[in-house]
Amino acid sequence: MTTFYVINFEVAEAPRRNDGEPWTSMHIEQAPPESPVAFVEIDEQPWTDPTPETSEPVEITTAKATLQAGWYRAWWEDANGARSRDIPAVFVGDTTAVLFTVEEGRTVLGDPAFDAEKILDARDVIQDELEHAVGFALTPKAVSETVSSARGWSGLPLRPYIRQVFAVTIDGTALTETERSQLHFVDGILYGYQWAGRPVTVYYEHGLAGPTPACKRAALSLLADYLGTSPASGIDPRAESIVTVDGTIRLRTDDGGFTNPVASAWVNSNRIPRVG
């Protein structure tokens with residue numbers, strides 16, 4: 001008997017058209033973690049664009065997934081059978097590495113019954129903020145990325161701390177296992193193939209194996225800033241300042257940095273310099 005899972009993922013937007021013809025259905029495909037070029041269709045849903053006038057992210061849900069963890073993508077079709085381009089694949093699945101656990105958060109907040117959802121929501125925001133500040137992922141992340149290649153043996157610039165490459169396609173054709181075995185990466189640059197100047201899609205994992213102790217201390221320090229003042233409500237993790245009876249307290253510097261000294265010190269010590 002086949003087991004089905006409910007999978008949610010987000011794409012940047014549904015493809016836009018210039019002829020006024022609407023998409024009427026959405027097709028969802030999945031592929032196993034180790035083979036992100038072996039997509040099969042698992043679901044077709046009626047489609048009405050929720051944001052026809054603007055380009056907004058689209059949340060996609062299917063109850064017909066047969067993989068708890070894998071690559072998912074979507075494409076759209078109109079009433080005449082014309083189809084859209086494929087949306088870049090998204091990896092869905094849990095990682096064993098987390099920035100901090102709910103229990104660690106509750107310990108810092110001094111409340112063993114603090115709302116777990118609030119801690120998890122704050123953790124997501126804190127991880128996004130810290131990763132943006134330092135320029136690399138703090139836990140392993142699987143992504144698909146299409147980049148332009150130069151002719152010859154020059155490297156492809158990807159994200160820092162590449163961990164493994166699952167698959168590479170050029171104009172929709174996947175590199176063979178032998179070709180892929182020749183690939184190697186140094187400082188976020190992928191080498192080992194003569195790219196021929198065409199767009200290349202790389203399915204790969206990047207980031208640290210997990211947060212260092214210093215990174216975790218910085219993240220938990222920010223959690224205490226965001227949620228430590230009031231277990232009933234807490235501070236919105238996206239807030240830049242709060243107003244108290246003693247005046248306004250800044251949570252961010254004017255340039256978007258952290259006023260929290262623990263977080264600021266860790267970011268300044270670990271930030272990858274941005275070029276250009």
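Guide: Helices (H or I, at least four residues) and strands (E, at least two) are DSSP runs, numbered from the N terminus. Proline 50 sits in the loop between strand 3 (40-46) and strand 4 (58-65).

Visitor: What kind of model is this?

Guide: This is a predicted model, where local features need pLDDT of at least 70, side-chain atom pairs count only at pLDDT 80 or more, and totals for chains, interfaces and linings use all residues. Residues are numbered from 1 along each chain as its sequence is written, and side-chain values use heavy atoms, with hydrogens and water left out.

Visitor: Is proline 50 buried or exposed?

Guide: Buried means under 20% relative accessible area, exposed over 50%, and partly exposed in between (1.4 Å probe, protein chains only). Proline 50 has 53% relative accessibility, so proline 50 counts as exposed.

Visitor: How far is proline 50 from alanine 14?

Guide: Look at their C-alpha atoms. They are separated by 9.4 Å. Along the chain, proline 50 and alanine 14 are 36 residues apart.

Visitor: Where is threonine 139, and is it buried or exposed?

Guide: Threonine 139 is in the loop between helix 2 and strand 7 (141-147). Its relative accessible area is 4%, so threonine 139 is buried. Compare a residue of the helix. Aspartate 121 belongs to helix 2 (residues 116-134). Aspartate 121 has 46% relative accessibility and therefore counts as partly exposed.

Visitor: Now the backbone angles. What is the phi of tyrosine 161?

Guide: Tyrosine 161 has a positive phi of about 60 degrees, although it is not a glycine. Find tyrosine 161 in the loop between strand 8 (156-157) and strand 9 (162-170). At 43% relative accessibility, tyrosine 161 is partly exposed.

Visitor: And what phi does aspartate 171 have?

Guide: Aspartate 171 also is not a glycine, and its phi is positive, about 55 degrees. Aspartate 171 is in the loop between strand 9 and strand 10 (173-174). With a relative accessible area of 54%, aspartate 171 is exposed.

Visitor: How many salt bridges are there?

Guide: Side chains of opposite charge can pair when their charged atoms come close. A salt bridge is a side-chain nitrogen of Lys or Arg within 4 Å of a carboxyl oxygen of Asp or Glu. By this rule, the count is 11 salt bridges.

Visitor: Which residue pairs with aspartate 43?

Guide: The side chain of aspartate 43 meets that of lysine 64 in a salt bridge (3.6 Å, N to O). Aspartate 43 lies in strand 3 and lysine 64 in strand 4, so the pair ties together parts 21 residues apart in sequence. Aspartate 43 is buried, at 6% relative accessibility. Lysine 64 is partly exposed, at 43%.

Visitor: What does lysine 141 pair with?

Guide: Lysine 141 and glutamate 131 form a salt bridge through their side chains (2.5 Å, N to O). Lysine 141 is in strand 7 and glutamate 131 in helix 2, so the bridge ties together parts 10 residues apart in sequence. Lysine 141 is partly exposed, with a relative accessible area of 27%. Glutamate 131 is buried, at 10%.
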